[in-house]
Amino acid sequence: MSIACCTWVVKKVALPILALAVCAAFAPSVFANEAADALPVETAVLLAPPNVPAPITRKTPAKVIVNLTTEEMVREITPGTKYTFWTFGGTVPGQLIRVRQGDTVELNLKNLPSSKLPHNIDLHAVSGPGGGAPQTLIAPGNQAKFTFKALNPGLYVYHCATAPVAMHIANGMYGMILVEPEEGMSPVDKEYYVMQGDFYTPGAFGAGGLQPFDMKRSIDENPSYVLFNGASNSLTGKNALTANVGDKVRMYFGSGGPNLMSSFHIIGAVFDRVYFEGGMKFQEQVQTTVVPPGGSAVVEFVPKVPGNLTLVDHALSRAFHKGAIGIMSVSGEEHPEIYSKNANTKSSE
Amino acid sequence: MKALAASLLVVSVISMTSHAAEYRPITGGTLRTALPLDGDTVEVAAYQLRALPVSQQEFKRFVLAHPQWRRDHVTPLFAGQGYLSSWKTPQDFAPNLAAAPVTQVSWYAAAAFCESEGAALPTWVQWEFAAAADETRQDARKDPLWRAKILGWYETLSLDVLPAMALHPANVFGVYDLHQSIWEWVDDFNGLFVNVDSRAQGEQKVLETCGAAALSLGDKENYAVLMRIALLTALKGQDTVNTLGFRCAKPASKK
Ligand SMILES: [Cu+2]
């Protein structure tokens, strides 16, 4: 073992105490670098959820630079009630990272100087101890860089792994990275990015004011909010998702947790395909799919008639009392042979 | 209002009577530490701790007396780019308040300051020992309300300009602002868990420390302290943070 290595090990010994996720400080970021130097370099385009970066058209690997910030901010969790969110890039979930299997990803994480807390990132797409967390633990005003090779295709969660981890996640520090298979993905008309999360405040849903995080409720797994994309109204009203009758819709759905499993369902649609657990296999004709905290699913369906489809966690108290509800507004031609809006059995004429 | 007036009085008494900083005697004793050292507890010898973190005013005086610590003179090895970057000039702390804690200081600068007043940065366990206390108890850490109050500070966003110190009552040792004000450097921030001699033992030792530590964390529920450790662990000696300052410690007085 070289001197440089040993010095580094000593410095890093302090890290693993903080959390299991930050344990084992040995992710080797050296092995991929020589080959990666020859790769074409591109900077990942990151978009705010529910938007999704464009599909990858490249047929060969690249070195993809991902620039993420960690930001702490106060905004509405539901109209009239505010919450201090900790975020990747200012949104909950953090922006979707889209790369191709075999790409070398250089992840630059910057903790804004205005932050109060240290943060880091653990990407489930990383093969290596800690998923990048040991290399990226950074205090406010500082930045870190680490490199990994995206070996496995699939849809993966990333999250902050700084102690206390559940608190960082409960405050909104999660997102997803999509690793497209080498052969690419089938084209669709619409892609959306939605993540469920549970939030813990002393006040009940909609209590008003600025609500702090409630550690006790988090430990008890008793959320006051269960939300899609970090706010009760993130996918309703003017923020509703849109699609046209006959569109092929693909949704990248994840659960940030920290605690709850989602029974993801869209009222008024059957999923043609669910790439369950975010992997390469799919199930067909699915009504409700289960997504564990720290897990994901890719769902595909085609809206058949116009109107509003409703996204819910089918553990329905969460949907109707804690906020886990969203709308996809579908426009286009009526198809009464599929679905008749006039309730003809109730006709009084 | 009364409390505010009282604490303002404290600030003015401390900062105006003399330039010599107030140190408070800390009894020491057995500390149930959040760090898994060789056991769950560690013996902390008696020591003295500054009643308040080092202020902007005090740090300015230090910089004037030791110009090698001016932001335009300091070597980058000892202080990163953010060092005192909020100061209007290398010798003017405006827009910060004179009585506010100095922040944006590197570990090296903080250590040099403490040395200049015949002291040193406290060790982690010295800091943790004093910080376990509230106004009436030497160890208030089991109190959920006390914890919630501290967590509340971590939950609030950083302020651009920090308020003056001692806005909350002193703890039972007469020490102010160990919580709800700033983060603080400690002397051994970068080697908290490692016996320096263990490097020869290589990875095996490290993994062992790691695995055991995560399971036997001394005070798993004391999130407030865990967050301190997380921050300190994220730092290098030249790093600076907008809300990271320091105070100094001395051996117990001989009398
Ligand atoms: Cu975080």
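How many helices and strands does the secondary structure of chain A come to?

## Model and overall composition of chain A

The secondary structure of chain A comprises six helices and 21 strands; helices (H or I, at least four residues) and strands (E, at least two) are DSSP runs, numbered from the N terminus. This is a predicted model, in which local features need pLDDT of at least 70 and side-chain atom pairs count only at pLDDT 80 or more, while totals for chains, interfaces and linings use all residues. Residues are numbered from 1 along each chain as its sequence is written, chains are lettered from A and ligands numbered from 1 in the order in which they are written, and side-chain values use heavy atoms, with hydrogens and water left out.

Of the 349 residues in chain A, 58% are buried. Buried means under 20% relative accessible area, exposed over 50%, and partly exposed in between, with a 1.4 Å probe and protein chains only. Among contacts in chain A with a separation of 6 or more, 70% involve residues 24 or more positions apart, a contact being heavy atoms within 4.5 Å.

## The copper site

The copper ion has as protein donors A:His119 (ND1), A:Cys160 (SG), A:His168 (ND1) and A:Met173 (SD), at 2.0 to 2.4 Å. Donors are N, O and S atoms within 2.8 Å of the metal (3.2 Å for Na, K and Ca); water is not among the atoms, so sites may look incomplete. Along the chain, the donors follow the spacing H-x40-C-x7-H-x4-M.

The arrangement is tetrahedral because the four donor atoms subtend angles of 88 to 135 degrees around the copper ion; for four donors, this term requires all angles to lie between 85 and 135 degrees. Both A:Cys160 and A:His168 are buried, and the relative accessible area of A:Cys160 is 0%.

## Two further positions in chain A

A:Gly295 lies in strand S19 (residues 295-301) of chain A and is buried, with a relative accessible area of 10%. Apart from neighbours within four places in sequence, A:Gly295 contacts A:Val157, A:Gly254 and A:Ser255. Its C-alpha atom is 15 Å from that of A:Ala161, which is 134 residues away along the chain.

A:Pro129 occupies the loop between strand S6 (122-123) and helix H3 (133-136) of chain A. With 33% relative accessibility, A:Pro129 is partly exposed.

## The disulfide of chain B

Over all chains, the structure holds one disulfide, defined as a pair of cysteine sulfur atoms within 2.5 Å. The bond joins B:Cys114 to B:Cys248, with an S to S distance of 2.1 Å. The pair links distant parts of the chain, 134 residues apart: B:Cys114 is in helix H3 (residues 107-116) of chain B, and B:Cys248 is in the loop between strand S6 (244-245) and strand S7 (249-251) of chain B. The link is left-handed, with -80 degrees about the S-S bond, and both B:Cys114 and B:Cys248 are buried.

## Helix packing in chain B

Helix H5 (residues 144-155) and helix H7 (residues 223-233) of chain B pack at an angle of about 40 degrees, with their axes 9 Å apart. Axes are lines fitted to C-alpha atoms, for helices over the stretch in contact, and angles run from 0 to 180 degrees between N-to-C directions. H5(B) and H7(B) are therefore oblique to each other; angles under 35 degrees count as roughly parallel, over 145 as roughly antiparallel, 65 to 115 as roughly perpendicular and the rest as oblique.

H5(B) contributes B:Ile150, B:Leu151, B:Trp153 and B:Tyr154 to the contact, and H7(B) contributes B:Tyr223, B:Ala224, B:Met227 and B:Arg228. H7(B) is largely enclosed by the rest of the structure, because 11 of its 11 residues are buried.

Definitions and conventions
Four donors count as tetrahedral if all angles lie between 85 and 135 degrees; four count as square planar and six as octahedral if opposite donors are over 155 degrees apart and all others between 65 and 115; anything else is irregular.
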